[in-house]
Amino acid sequence: MNDYTDLFAALNRSKFRRRFSLGEQERQYIQEKGMETVLSHARDFINLRLAPAKPDNDGRQTPMKGHPGFIAQHATATCCRSCLSKWYGIAKGRKLDEKQIEIIIDVISAWLNRQMEAADSELTAEAQLFDQVA
């Protein structure tokens, strides 16, 4: 898995993209189901909603909430064919190939892992602060 530092830096410059983050409910879902299961769901979403040459409701096919994979898709600009074209240079009108799908899943995985690590760091910092006060 690539760390996608440059991509995430560019995405973070987008006011729209940087507003997405995992909430407590989504982090809990990942902890309960496991990252492998969440990424399996994301792969299913990509294959169903994004991979076809002309996806149904393109531009509106990815919900804004309800699953960590949906949030990750919006945060990483892997939510519709227009975003894939703009951010990744993946042309519209052609079915995604397996390599493209793997890259999308890898980007989503990297973003989700960063979100989980950031949440863990925040909890650790809060615990350390609590210990200093107590």
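Biologist: Why is Phe16 called partly exposed?

Modeller: Phe16 has a relative accessible area of 34%. Buried would need under 20% and exposed over 50%, so a value in between is called partly exposed. Keep in mind that this is a predicted model.

Biologist: How do you know what kind of helix-and-strand make-up the protein chain has?

Modeller: The secondary structure comes to seven helices and zero strands. Along the sequence, that reads α-α-α-α-α-α-α. As for burial across the protein chain, 39% of its 134 residues are buried.

Biologist: Back to rings, then. What makes Phe16 and Phe20 an edge-to-face pair?

Modeller: Let me start with the count, which is three aromatic pairs. For Phe16 and Phe20, the ring centres are 5.2 Å apart and the planes meet at 80°, so the pair is edge-to-face. The limits are centres within 6.5 Å and planes over 60 degrees apart, and therefore both tests are passed. Phe20 counts as buried at 11% relative accessibility.

Biologist: And what kind of pair do Tyr4 and Phe8 make, with their planes at 65°?

Modeller: This is another of the three aromatic pairs. The Tyr4 and Phe8 rings have centres 6.2 Å apart, and with planes at 65° the pair is edge-to-face too. Tyr4 and Phe8 are both buried.

Biologist: Why is α5 described as largely enclosed by the rest of the structure?

Modeller: Because eight of its eight residues are buried. They are Pro68, Gly69, Phe70, Ile71, Ala72, Gln73, His74 and Ala75. Just after α5 comes Ala77, with a positive phi of about 60°.

Biologist: How do you know whether Gln73 is buried or exposed?

Modeller: Its relative accessible area is 2%. Buried means under 20%, so Gln73 is buried. Gln73 sits in helix α5. Its contacts, leaving out residues up to four places away in sequence, are Phe45, Ile46, Leu50, Thr62, Thr78, Cys79 and Ile108.

Biologist: What about His74, buried or exposed?

Modeller: His74 has a relative accessible area of 6% and is buried. It belongs to helix α5, which covers residues 68-75. Beyond its neighbours within four places in sequence, His74 is in contact with Arg17, Phe20, Thr62, Pro63, Met64 and Cys79.

Biologist: What does the side chain of His74 reach at 3.1 Å?

Modeller: The backbone oxygen of Pro63. A polar contact needs N or O atoms within 3.5 Å, so 3.1 Å is inside that limit.

Biologist: On to charges. What makes Glu24 and Arg27 a salt bridge?

Modeller: Their closest N and O atoms are 3.0 Å apart. The limit is 4 Å, so the pair counts. Glu24 and Arg27 are three residues apart in helix α3, which means about one helical turn separates them. Glu24 is exposed, with a relative accessible area of 51%.

Biologist: Why can the salt bridge between Glu98 and Arg43 be said to tie together separate parts of the sequence?

Modeller: First, the bridge: the closest N and O atoms of Glu98 and Arg43 are 3.6 Å apart. Glu98 lies in helix α7 (residues 98-133) and Arg43 in helix α4 (residues 35-50), so the pair ties together parts 55 residues apart in sequence.

Biologist: What makes Arg43, Glu98 and Glu102 a network?

Modeller: They are linked by salt bridges. Arg43 also meets Glu102 at 2.7 Å, N to O. That pair joins helix α4 to helix α7, so it ties together parts 59 residues apart in sequence. Arg43 is partly exposed at 25% relative accessibility, and so is Glu102 at 36%. The structure holds three salt bridges.

Notes
Residues numbered from 1 in each chain as written. Predicted model: local features only at pLDDT ≥ 70, side-chain atom pairs only at ≥ 80, totals over all residues. Heavy atoms only, no water. Helix = DSSP H or I, 4+ residues; strand = E, 2+ residues; numbered from the N terminus. Buried < 20%, exposed > 50% of the residue type's maximum accessible area, 1.4 Å probe, protein only. Polar contact = N/O pair within 3.5 Å; in protein donor to acceptor, adjacent residues only side chain to side chain. Contact = heavy atoms within 4.5 Å. Phe/Tyr/Trp six-rings, centres within 6.5 Å; stacked < 30°, edge-to-face > 60°. Salt bridge = Lys/Arg side-chain N within 4 Å of Asp/Glu carboxyl O.
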